[in-house]
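Here are a few friendly notes to read alongside the model. Please keep the viewer open as you go.

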Amino acid sequence: MGNFNFPLNLHLLLYVLVIISFIPASVSEIQNTRIADDSRPMILFERFGFAENGNVAVSVKDFSWKSTQHNAELEPSTMGFFLVRDASFPRIFNESEYEDNFCVLWSRFVKIIFKFDNPSALNGSMLIDEPDEYSLIFGNCESETQVTMDVHTEMYNIQDGNKNFLPAGQSPLPRLYFVFFLIYTIFLGVWVFICFKERSDIHKIHLIMGALLIFKALKMICASEDKMYVRKTGTPHGWDVAFYVFGFLKGIMLFTVIVLIGTGWSFLKPYLQEREKKVLMFVIPLQVMENIASVIIAETGPATKDWLTWNQIFLLLDVACCCAVFLPIIWSIRGLREASKTDGKAARNLEKLTLFKHFYIVVVGYLYFTRIVVPAVLAIISYRFEWVMTAADEGASLVFYLFIFHNFHPTRKNPYLVIHDEDEIAAAHMLEEDDSFEL
């Protein structure tokens, strides 16, 4: 048996576990995974939050191996599946530092499901007597040995006498998503009523905002059904496809609305400047690629070789989109500030500048909270409260939507509204003195 660089691979695995926390995905807890010619010493299959009396079952078919070393012999006890807690990784790392030819399967901090001692019966199950979040990992301590196999995994908890295939921290999600579906449906109804009431002042942007609400509501109901079927049967029964489709459309619509509002299109000006069109043409393809990466991440799982690469692509594209949407808002604020010095409409421009300044701050806060704060907190809180962070994420999205729709809803301008000279003078003075409008 050859030894592998265990510390290096442990660090890589820990990096993968951190990356998982930042990727939203819809997955099933009954999975079939194909491993082909893979020599990785440790292969992470999934993480699962177990309640008391949880269960995991793993079975392997069509197992074969080959080595780059001539006349190599397989030692079955150096391959197998095991569960491990995140807190145990530092202890395992410490073991590897003080033991020669260390194999992770021999560690006293892992729970062995089965080893490959009997090639004719490669399966095993385990009842979880210590509730926690565990990672299911395949260990291969045979250096330069490639394995090929089909792996079937099932993980579930027992709730009210029935199998619950959702992790302990996700059990409330079907009901949570359904509540948000109802909220967005009511939201959409109110928006349609406002648009109908103020139909003489509707702009194209308001129709796009209505489409955003439609796709958001459809995404929520698909997420609810997806999680409900996974909870009961372990698979989403096709609802994951609908979830991906409406999630894709919602993502494109959301960033399109942010960019268009940031440019002032439709309600401040009837056209887009060339640089604004370039931003829009940059953001939309990025959203398409980001959603493709998200689907690949969700459907393949961490056991595939390129999964980590797709995660990095997803995060890179998301950061690029978030940065791009700020440009039109900054341009609009600078444009309004310059116009206030020449067009003699300081009071009106001050009102617009204040609105765009608030819009900029809210966009920054929303993206920072949903992209940074939520994943960071999710990585450190108890796995049983995963649904709380999902609620916080969706709650922040709802507040963001309410801000946008409230401040940019169709409204009838008062033809009798007169701005007095003293208001113009005061506004002009404020624009000159207030540095907060400088970006």
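Is Tyr 401 buried or exposed? Tyr 401 is buried, at 1% relative accessibility (buried means under 20% relative accessible area, exposed over 50%, partly exposed in between, with a 1.4 Å probe and protein chains only).

1. A word on the model: it is predicted, so local features need pLDDT of at least 70 and side-chain atom pairs pLDDT 80 or more, while totals for chains, interfaces and linings use all residues. Residues are numbered from 1 along each chain as its sequence is written, and side-chain values use heavy atoms, leaving out hydrogens and water.

2. The whole structure holds 21 aromatic pairs (rings of Phe, Tyr and Trp, its six-membered ring, with centres within 6.5 Å; planes under 30 degrees apart are stacked, over 60 edge-to-face, the rest tilted). Tyr 184 and Tyr 401 make an edge-to-face pair, 5.6 Å centre to centre with 70° between the planes.

3. Trp 191 lies in α3 and Phe 405 in α10, so the pair ties together parts 214 residues apart in sequence. Both residues, Trp 191 and Phe 405, are buried.

4. Ring pairs join a cluster of Tyr 184, Phe 187, Trp 191, Tyr 366, Phe 400, Tyr 401 and Phe 405.

Terms used:
Helices (H or I, at least four residues) and strands (E, at least two) are DSSP runs, numbered from the N terminus.
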